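Welcome, and please open the structure in your viewer. We will go from stop to stop, selecting a few residues at a time.

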Amino acid sequence: MWDRNGKPDSRTATNTLTIVIGDENDNDQKSGHQNIYVYNYEGQLSDAQIGRVYVDDPDDWDLPDKTFNNLLPATLQNYFSVALDTGMLTMKKGVPVGTYNFQVTVYDKKFSSTVTGSVTVTVQQLSDEAVMKSGSIRLSGMTAEEFVTTSGSGPTATNAYDKFRTKLASLLGYNSKDNVDIVSLTDGDGYLDVHYSVHGSPYSNPSQIESAIMLNQGEFEKAVGVTVVQVPINLCMDELYDDGCYTDFNFNQQPYLVNANGTSYLLMKTSLSAEAGCIDSVFPEPEVCRGDYCFNGGTCVKDDWGTLSCTCPPGYDGPRCQQRRHTFDGSSIAFYDSLSVCSEGRTSIDFITTQENGVIMYSGPLSTTSQGPSDFLSLTLSGGLPVLKINLGTKELSLTLPSSTAKLNDGKWHHIDIDRDNQIVTMTIDHCETALNSASSNGTVSDWSSCRRSDTVPGPDVLLNVQSFLQLGGQYQSSATGFSGCLRNLVHNTKLYDLSFNIPNWGSGTNGCSNEARACGESSSQPVCGQNATCESVWLPTVQKASCRCASGWYGNQCAKEAPIIDLKQQSYLKWSVSAPIIELTVKKMSFQMMFRTRKTSGTLFLLTNAAQNSILLQLNSGRLTLVYNMGAGEKRLALFNATANNGQWHTVRMERYGSEFLLSLDGGEGRNYNYQMAIPSLSVFFRMLTYFSVGGSILPVNTAPSSVPDDLFSTCVRDIRLSDNWLPMTKAQNSEALSGLALYDSASVVEGCIRNDCANVPACPANQECYPLWEKYECRCVPGYIMDTTGCVSLCQSSPCLNGGTCQVINNQISCECLSGWSGDVCGTMAIVDDSSLSGGAIAGIVIACIVLLILVILLLVFICIRRKPEEKEKFVLEVDPDDDYIRENVMFYDEEGAGEEDHDAYDLTLLQKPSLETLARPNFYPDKADEMTRKNAPRPEAQPRLDRPDVGTFIDNRIKDAEDDDPFADSTRQYDFEGANSDAGSLSSLNTSSSDASQDYDYLSGWGPKFARLADMYGAGQNLEENS
């Protein structure tokens, strides 16, 4: 707008008018389904909105016309709620991991229609390890909502979210997308940042999962339908800072909801930022167990003294379970996190090989056609000698050694340091031991070129900015020869790299060092160096040798002996004498190592002195380790300012000297526990110690006892003291076990052991608390089963941790919940969810009642059938016995049983009563011989009638009578019913009469058996005397 107002100083202004065109509610709604996925970080999620109920409605502006009414079962009322006016679902705090199904009715007042929106909520816990070990990728032209929006319908419905997980799982050799978690989605200006983690057992390192995408980027983009801008995301490419830069990954417990029609995800809210500084030098900060502290499945433990440590699986010997070694075969490449961007620092690596050429390390663009900075660093072997090339963005610098230098492909371990001080770069081989050996009589070295080269990188840039990964063993998409051998102990700015790496279908080498493992017998039950040592091999042309270094606290053959412990009391010390030959071995290089535990803030740990009264002194200063040394050019200090050493816990300190170069490390030496001082070429490299040196105080190196002990480190325990890796005896009785030339010379106020009665004679602890010893310190801690709150120690059950009516009890200092029926889980938070689409409780009750009624009807029917099967009146006499004849009570006998092949002498032969299959006119042979009898018995018989539920004797007899009536009366055969078989002792059929009776048979009683037996009685002359008729 322009307002002249008739004046020369008219003004103009701009006003923005926004017109929003609403969508009329002109479409009726239909039922829909909403899938909700909740990632609950460490179970700490509070009440949070997780998505809106979805129904199928093309209108976007009709929410005021809708009313939502939840149909949540009673069991879910404490977990979820639904806003009646918006349909927004809220999940309450403490919902257990699981899948929950319920329904919500949606009423549209314009159409007076009610439909059902079903909801499935999947709750998954997101561990701190998943977050801290997450990889990053930046996608262009996509938003978080588009990433989760589902396309298609039915079984084929999918989205980029699931495609991403499925493809990445496939690239890493997993069969299920469930191995991939999306940690966060963050929208940017035209891009989307995705953080993701992959877990098998354990979680994969970020470089492994990110490099899997990088190596298959085209295939990945096609499968997921995205465009990759960066993997991993690096925000330090623009060199915003001069001293150093790192990409900081920030996250908090605030949830971030990504909602699309039919699908919603509750993820973590994260952000990335470029920060100034070199982060590795203060690693880790702060000293707490985080998900990325331990590698390769190690378990992080913070002890009572605040010290972090990792319990590692076998084969991982780094202080945080790092894999120190990796084997390459000349055609393999492994990818790791890029080198942190710092203006100064040191990168170190060890290698062993017998090949002259190969790429040891490369950090730079993936290919010559890659866009972005041209910065790179490469370390290679060429003709057996190292070559370092570096470009900070302007011009390349190359550092090489003279051709006369001894080659390094000799099958021995070699060490390379790359030091950077802005643009000044120095490469040093094996701490320049070759130059030390060439020192003059006064300890000066005139020529360092055989082991050290230094120069300045051209151009104004000081930072090495590389977007992609650090590559070991070769250079990706390059014709350069790969490295064949083993790499070990890659350290960049005090951070020890984990060299464990493996990607399916990619030649990445082998974890560990194969040749060294064989030489050291690592897979054997009896390794060369035993179970308590580090083994190092030498690859000679015909044989492989091994040397051993005992782990802290062990000594002796195969490191099988535990080192003794000495307690330093008031005015105490230990003094050793060293022979001249051993002193000469320590003049140019040496090491000193010891274990100690103390609560003292100051005192001397050890003191070495030379003839010029210059010293190498390790002290405690304000509870921090400080190395004070003088190599002839004044006193210098090397300290671990950020590492606490007087917390009462056991620590291991190691000092190494190579000429005027010093290294100081505590407990393995990473981050704040490591520091170094580069060699000063102008200084003497000699330090010839005197015969005596001491531990526990600043004792003069003489053979007389001191009157007092300055800098007395009393009330301190020491153990396993070593000079140049040679164990020192702690008592004179142990001198015979030490290396010849090393002996304990003198000691004062020392005792063996390290015992403190911290809870003796201390004030009583408050109620439900007990004294807990912390070595020269104590705390009142809650007794087992109790926990501290603002009021004191209360029972673990005080907070009612058991949900849904569960009963809490404490067992072995752990909460145990006894759950009511229908609930389970550690705190009774898991239930058997009933899908609302299934039967209701009333329907189930009806089904149960119907089943009972049906069972009753079946029983009645069976009873009725049994009653109906009672014989009819006309047949009731078939088996009925005349009561008058009820006196017959003879036993049943098996008349056809003959025993074990013998003839029966006690029973009757009933075979003559059987109806033959073929009647003959001939009179039967009443006395058949044995052969005839067997033939008759084995003859085929007519097919038997189907067996009924019970034998029907009446029908059988009736059939026999009919057979008799139908027979030709002139062809009837004669039956002998009293035949007992050959040689039988029986007299007659007892059922008809006794065998001893000679009276005639009376068949009148057969008439009482019924009509059918009356005719049988007539046939046998009922009522007549058979003897008289005969």
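Start by selecting residues 376-382 and 385-391: these are strand 23 and strand 24, which pair in the antiparallel sense over seven bridges. Strands here are DSSP runs of E with at least two residues, numbered from the N terminus, and two strands pair if DSSP finds at least two bridges between them. Within this pair, Phe376 has Asn391 of strand 24 as its bridge partner.

Before the next stop, a word on what you are viewing. This is a predicted model, in which local features need pLDDT of at least 70 and side-chain atom pairs count only at pLDDT 80 or more, while totals for chains, interfaces and linings use all residues. Residues are numbered from 1 along each chain as its sequence is written, and side-chain values use heavy atoms, with hydrogens and water left out.

Now widen the selection to the sheet around that pair. Six strands form an open, antiparallel sheet in the order 19-29-22-23-24-25. Colour residues 334-336 (strand 19) and 396-400 (strand 25) to see the edges: each has a single partner strand, so one side of each is left without a neighbour in the sheet.

How many cavities of 30 Å³ or more does a search of the whole structure find? There are two. A cavity is a set of points on a 1 Å grid over the protein atoms alone where a 1.4 Å probe fits but cannot get out, and lining residues have an atom within 4 Å of a point. Its volume is the space filled by probe spheres set on the points, which are joined across faces, edges and corners.

The largest cavity holds about 160 Å³ of space. Select Leu339, Ser340, Arg420, Leu464 and His492, the closest to its centre among the 17 lining residues. Strand 20 (341-342), strand 21 (344-352) and strand 26 (414-421) each supply at least two residues of this lining, and strand 21 has the largest share, with four. The lining of the largest cavity divides into seven nonpolar, seven polar and three charged residues. Here Ala, Val, Leu, Ile, Met, Phe, Trp, Tyr, Cys and Pro count as nonpolar, Asp, Glu, Lys and Arg as charged, and the others, Gly among them, as polar.

For the second largest cavity, with about 90 Å³ of space, select its lining residues, including Tyr39, Asn252 and Leu266. Strand 14 gives the most to this lining, with four residues. The lining of the second largest cavity has seven nonpolar, five polar and no charged residues.

Then select Ser602, found in strand 39 (residues 602-609). Ser602 and Ser622 are 20 residues apart in sequence, and their C-alpha atoms are 6.1 Å apart in space.

Finish at residues 755-792, whose end C-alpha atoms lie 30 Å apart and whose span is 0% helix and 39% strand. For residues 794-829, the end C-alpha atoms are 23 Å apart.

Terms used. 1 Å grid on protein atoms, 1.4 Å probe; cavity = no way out; pocket = protein on both sides within 12 Å on 5 of 7 lines; lining within 4 Å.
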